[in-house]
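Welcome! Please take a moment to look over the sequence and the 3D view, and then we will walk through them together.

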Amino acid sequence: MSYQLFTKQPQIVCCTALLNKFLIMFEFISYQNTPGGKIRVEFASGITELADTLAVVAGEMGHYEVQAQGVRPTLGSILYLPVKGGRMVSLKLRVLGVSELISPVNAWKASCQGPDVKEFNLRCLDMSCDECKEVSQVEFIEYSDSIESDAVKALNQQGWLASLEKQVCPKCYKAAH
Ligand SMILES: [Zn+2]
């Protein structure tokens with residue numbers, strides 16, 4: 001696997017210890033873009049809509065309090081929040097409770113379950129496709145002791161056909177199927 005790594009600023013997200021890193025990242029990281037200042041609300045039906053972010057507070061044990069204005073999630077909805085500095089990474093929170101805020105209009109507060117981590121290492125790599133040789137920039141979250149396998153997992157989540165030995169970009173992978 002040949003690529004260049006450069007670290008972006010680590011992002012402080014929460015303040016408790018790292019427990020089961022693999023499970024945490026599998027459940028709470030999504031390789032999709034969420035626009036800055038917005039929250040993507042995904043309902044159980046699969047429909048997603050954007051709300052405006054008012055505040056996000058990370059507490060103990062992966063508990064998050066999210067305040068926003070606009071479309072209101074229901075119990076069991078998923079909230080996607082942009083990760084600072086990332087273009088293709090979102091934080092994925094499960095809604096445990098929602099209540100209305102008195103002001104501003106259409107504002108709400110949701111208590112959510114998210115990753116119980118101190119910080120994310122958001123990384124970026126220049127990945128070249130083994131078939132078309134085109135180089136694309138890929139973002140991923142480093143969470144295990146093996147950066148290579150974290151990158152491979154992220155590539156697969158972003159439409160690549162990737163292993164430690166071979167990486168095929170989404171375009172070539174689609175063309176072959
Ligand atoms: Zn390709």
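**A loop and its surroundings**

Let us begin with Asn106, which sits in the loop between strand 8 and strand 9. Strands, like helices, are DSSP runs numbered from the N terminus, with at least two residues of type E for a strand and at least four of type H or I for a helix. Before going further, please keep in mind that this is a predicted model, in which local features need pLDDT of at least 70 and side-chain atom pairs count only at pLDDT 80 or more, while totals for chains, interfaces and linings use all residues. Residue numbers start from 1 along each chain, following the sequence as it is written.

Asn106 has a phi near 65 degrees, which is a positive value in a residue other than glycine.

The loop holds another feature to look for. Pro104 also belongs to the loop between strand 8 (90-100) and strand 9 (107-113), and the peptide bond that leads from Ser103 to Pro104 is cis, with omega near -10 degrees. Strand 8 and strand 9 run antiparallel and are joined by six bridges; for example, Glu100 has Trp108 in strand 9 as its bridge partner. Strands are said to pair if DSSP finds at least two bridges between them.

Now follow strand 8 itself. Leu96 is found in this strand, and it is partly exposed because 13 other C-beta atoms lie within 10 Å. Leaving aside residues up to four places away in sequence, Leu96 touches Ser111, Cys112 and Gln113; two residues are in contact if their C-beta atoms, placed from the backbone, lie within 7 Å. The C-alpha atom of Leu96 is also separated by 6.4 Å from that of Gly76, although the two residues are 20 apart along the chain.

Strand 6 and strand 9 run antiparallel, joined by seven bridges, and Tyr64 faces Cys112 in strand 9. Strand 6 is also linked to strand 5 by seven bridges, and these two run antiparallel too; here Asp52 has Gln69 in strand 6 as its bridge partner. Strand 5 and strand 6 form a hairpin with four residues between them. In the loop between strand 5 (48-58) and strand 6 (63-70) you will find Met61, which has a positive phi of about 55 degrees although it is not a glycine. Met61 is exposed, because 12 other C-beta atoms lie within 10 Å.

What lies inside? The largest nonpolar core has 34 residues, and those with the most contacts inside it are Ile39, Val66, Leu79, Leu91, Leu93, Cys112 and Leu155. This core draws at least three residues from each of domain 1 (11-113) and domain 2 (119-175), with bounds that come from an automatic or database domain assignment. A nonpolar core is a set of buried Ala, Val, Leu, Ile, Met, Phe, Trp, Tyr and Cys residues joined through C-beta atoms within 7 Å. Beyond its neighbours up to four places away in sequence, Val66 touches Ile39, Val56, Leu79, Leu93, Ala110 and Cys112.

Leu155 takes us to helix 2 (residues 147-157), where Asp150, Ala151, Lys153, Ala154 and Leu155 are buried. Just after helix 2, Gly159 has a positive phi of about 95 degrees.

Finally, step back to the whole chain. It has three helices and 13 strands, and buried residues make up 32% of its 177 residues. The mean pLDDT (the predictor's confidence in each residue, from 0 to 100) is 84, and 83% of the residues reach 70 or more. Over residues 1-20, however, pLDDT stays under 50.

Terms used
A residue is buried if 20 or more other C-beta atoms lie within 10 Å of its own, exposed if 12 or fewer, and partly exposed in between; C-beta atoms are placed from the backbone.
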